[in-house]
Amino acid sequence: MSQTADIIIIGGGIVGCAAAYYLAKSGTKRVIVLEATKSIGHGGSCRNGGGVRQSGRDVRELPYAMYGIQHFWPTLSEELGVDVEYTQKGNLRLGKTEAHLKKLQTLTDNAQSVGLGVEMVDAAEVQELCPYLSKDIIGASWCPTDGHANPLTTTLGYYKRALELGVKFYTEAPGKRLQKIKGKVRKVILNDGTVFEGETIILVAGYESRAIARTVGVDVPMTRLIDECLVTEMQPHTILHYDMQWLKPFRP
């Protein structure tokens, strides 16, 4: 069996659903999204802390993050018709050692070079911003325009709007490999042998993208790291306004 479209998107997470929505909104008629699992947003798009941040990013992607925060996120709930729970109350990236501060200073300098409003703050300023933090924090970077959103409602909002605009979604459709025709990637072959063909293939399958891209000789250096989130009963407010992140462990 073969299915054809103008654009085929591999991955039904927030990136895949958003790409499908904006493509359909811009007038692309035939868009197909392939999701490997039974549900939309099953992977990282429903298993993350929901940070909508610019600080700490590679400067090559930072202009896109800044553009999105300026032009998309403030009105996204209205556009998608769901409450994405977007807030913009800042991000502290915390340091406990001089090595941490050196790394944070480099990140801050790089971000400032492309116009992001981010700055270093000392221990006293950290405590002023968030008095519940440990006194072990000796400094941080502070970006007041960073924020937070609900990743699951955002993903499903994009999915809903994309469906309304005619995008076709296939679940339980795991991509096994890509295939080129005359030097251009045109086909997606699923595990069961089903073939989807499109003028353009967009691969946004999270960490599964690496194995799929390798089938056409492209290796994206992606490595899984384990982070943890906990869901508890509601607790009294202690950190009211700030999405905070520790630096990842330093590696040689």
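**Close-up 1. Glu119, Asp122, Glu125 and Glu128 form a negative surface patch in this predicted model.** Two elements, β5 (119–122) and α5 (123–129), each give two or more residues to the patch. Glu128 is located in helix α5. Its relative accessible area is 68%, which is over the 50% cut-off, so Glu128 counts as exposed.

**Close-up 2. Strand β2 (residues 31–34) is covered on both faces.** In a regular strand, side chains alternate between the two faces of the sheet. Strand β8 (residues 168–170) runs parallel to β2 and is joined to it by three bridges. Within this pairing, Leu34 stands opposite Tyr170 of β8.

**Close-up 3. A salt bridge connects the side chains of Arg30 and Asp6, with an N to O distance of 3.2 Å.** Arg30 belongs to the loop between α1 (14–25) and β2, whereas Asp6 belongs to strand β1 (residues 2–10); the pair therefore ties together parts that are 24 residues apart in sequence. Arg30 is partly exposed at 42% relative accessibility, and Asp6 is partly exposed at 25%.

**Close-up 4. Arg186, Glu197 and Glu199 are linked in a network of salt bridges.** The side chains of Glu199 and Arg186 meet at 3.4 Å, N to O. Because Glu199 lies in strand β11 (residues 195–203) and Arg186 in strand β10 (residues 184–190), this pair ties together parts 13 residues apart in sequence. Glu199 is partly exposed, with a relative accessible area of 41%.

**Close-up 5. Asp219 and Arg210 form a salt bridge through their side chains (2.9 Å, N to O).** Asp219 is partly exposed, with a relative accessible area of 42%. The whole structure contains nine salt bridges.

Note on methods: Residues numbered from 1 in each chain as written. Predicted model: local features only at pLDDT ≥ 70, side-chain atom pairs only at ≥ 80, totals over all residues. Heavy atoms only, no water. Patch = residues over 30% accessible without salt bridge, like charges linked within 9 Å, V, L, I, M, F, W, Y side chains within 5 Å. Areas by Shrake-Rupley, 256 points an atom, 1.4 Å probe, with all protein chains shown as cover. Salt bridge = Lys/Arg side-chain N within 4 Å of Asp/Glu carboxyl O. Lys, Arg positive; Asp, Glu negative; His and termini not counted. Charge placed at Lys NZ, Arg CZ, Asp CG, Glu CD. Helix = DSSP H or I, 4+ residues; strand = E, 2+ residues; numbered from the N terminus. Buried < 20%, exposed > 50% of the residue type's maximum accessible area, 1.4 Å probe, protein only. Pairing = 2+ DSSP bridges.
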